[in-house]
Amino acid sequence: IYTLSLHDALPDLSSGINAEYGLVGNWVPTEKDLKCGRKPGFGVTINIVNGGVECNHKPMKSKTFHRVETYKLFCKKLGTTPGANLNCETQQQFAAFCG
């Protein structure tokens with residue numbers, strides 16, 4: 001029986017960061033990340049996966065809103081809390097220059 005690990009399911013993406021790090025809380029922001037508004041939480045996972053499309057939009061895109069609401073629902077069903085920084089509406093994508 002083949003078991004797909006989280007690492008196999010979430011490969012390195014165009015951001016150059018493996019989505020697993022954001023999802024399981026192992027991602028630590030650099031000084032540049034903080035200047036770009038990127039902080040640990042589900043929002044940075046969205047940014048890693050689809051930042052160029054979903055992040056840095058105010059108001060938050062409908063797709064992103066529903067993604068966050070679904071995440072909160074799963075957290076509730078699993079008996080855990082979703083934590084802080086759930087969306088990426090104020091985050092620049094990873095390819096961005098944040099002077």
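User: Where do E31 and K35 lie?
Analyst: Both E31 and K35 belong to helix α3 (residues 31-35), where they are four residues apart, about one turn of the helix. Helices here are DSSP runs of H or I with at least four residues, strands are runs of E with at least two, and both are numbered from the N terminus.

User: What does E31 form with K35?
Analyst: E31 forms a salt bridge with K35, and the closest N and O atoms are 3.7 Å apart. The term salt bridge denotes a side-chain nitrogen of Lys or Arg within 4 Å of a carboxyl oxygen of Asp or Glu.

User: Before going on, what kind of model is this?
Analyst: This is a predicted model, in which local features need pLDDT of at least 70 and side-chain atom pairs count only at pLDDT 80 or more, while totals for chains, interfaces and linings use all residues. Residues are numbered from 1 along each chain as its sequence is written, and side-chain values use heavy atoms, with hydrogens and water left out.

User: Is E31 buried or exposed?
Analyst: E31 is exposed, with a relative accessible area of 59%. Buried means under 20% relative accessible area, exposed means over 50%, and partly exposed lies in between (1.4 Å probe, protein chains only).

User: How many salt bridges are there in the whole structure?
Analyst: A search of the whole structure finds four. One of them joins the side chains of R38 and D33, at 2.7 Å from N to O. R38 is buried at a relative accessible area of 1%, and D33 also counts as buried, at 6%.

User: Which residue does R67 pair with?
Analyst: R67 forms a salt bridge with E54, with the closest N and O atoms 2.6 Å apart. R67 lies in helix α5 and E54 in helix α4, so this pair ties together parts that are 13 residues apart in sequence. R67 counts as partly exposed at 34% relative accessibility, whereas E54 counts as buried at 1%.

User: Let us stay with α5. How many residues does α5 have?
Analyst: Helix α5 covers residues 62-77, which is 16 residues. From its first C-alpha to its last, α5 reaches 23 Å, close to the 22 Å expected at 1.5 Å a residue. The expected span is 1.5 Å times one less than the number of residues in the helix.

User: Which residues of α5 are buried?
Analyst: T64, V68 and C75 are buried in α5. Seen down the axis of α5, the buried residues fall within an arc of 40 degrees, so they line one face of the helix. The arc is taken from the directions that run from the helix axis to the C-beta atoms.

User: And what is on the other side of α5?
Analyst: K76 and K77 are exposed there. As for the buried residues of α5, what covers them includes α4 (42-54).

User: What about the loop between α4 and α5?
Analyst: P59 is found in that loop, and the peptide bond from K58 to P59 is cis, with omega near -5 degrees. N56 lies in the loop between α4 and α5 as well. N56 has a positive phi of about 65 degrees although it is not a glycine, and N56 counts as partly exposed at 38% relative accessibility.

User: What comes just after α5?
Analyst: G79 comes there, with a positive phi of about 75 degrees. The segment after α5 also holds N85, whose phi is near 55 degrees, a positive value in a residue other than glycine.

User: Where is Q91, and is Q91 buried or exposed?
Analyst: Q91 lies in the segment after α5, and Q91 counts as buried at 2% relative accessibility. The side chain of Q91 makes a polar contact with the side chain of N47 at 2.9 Å. A polar contact is a pair of N or O atoms within 3.5 Å; within protein, one atom must be able to donate a hydrogen and the other to accept it, and residues adjacent in sequence count only if both atoms are side-chain atoms.

User: Finally, how many helices and strands does the chain have?
Analyst: The secondary structure of the protein chain comes to five helices and zero strands. Of the 99 residues of the protein chain, 29% count as buried.

Notes: Contact = heavy atoms within 4.5 Å.
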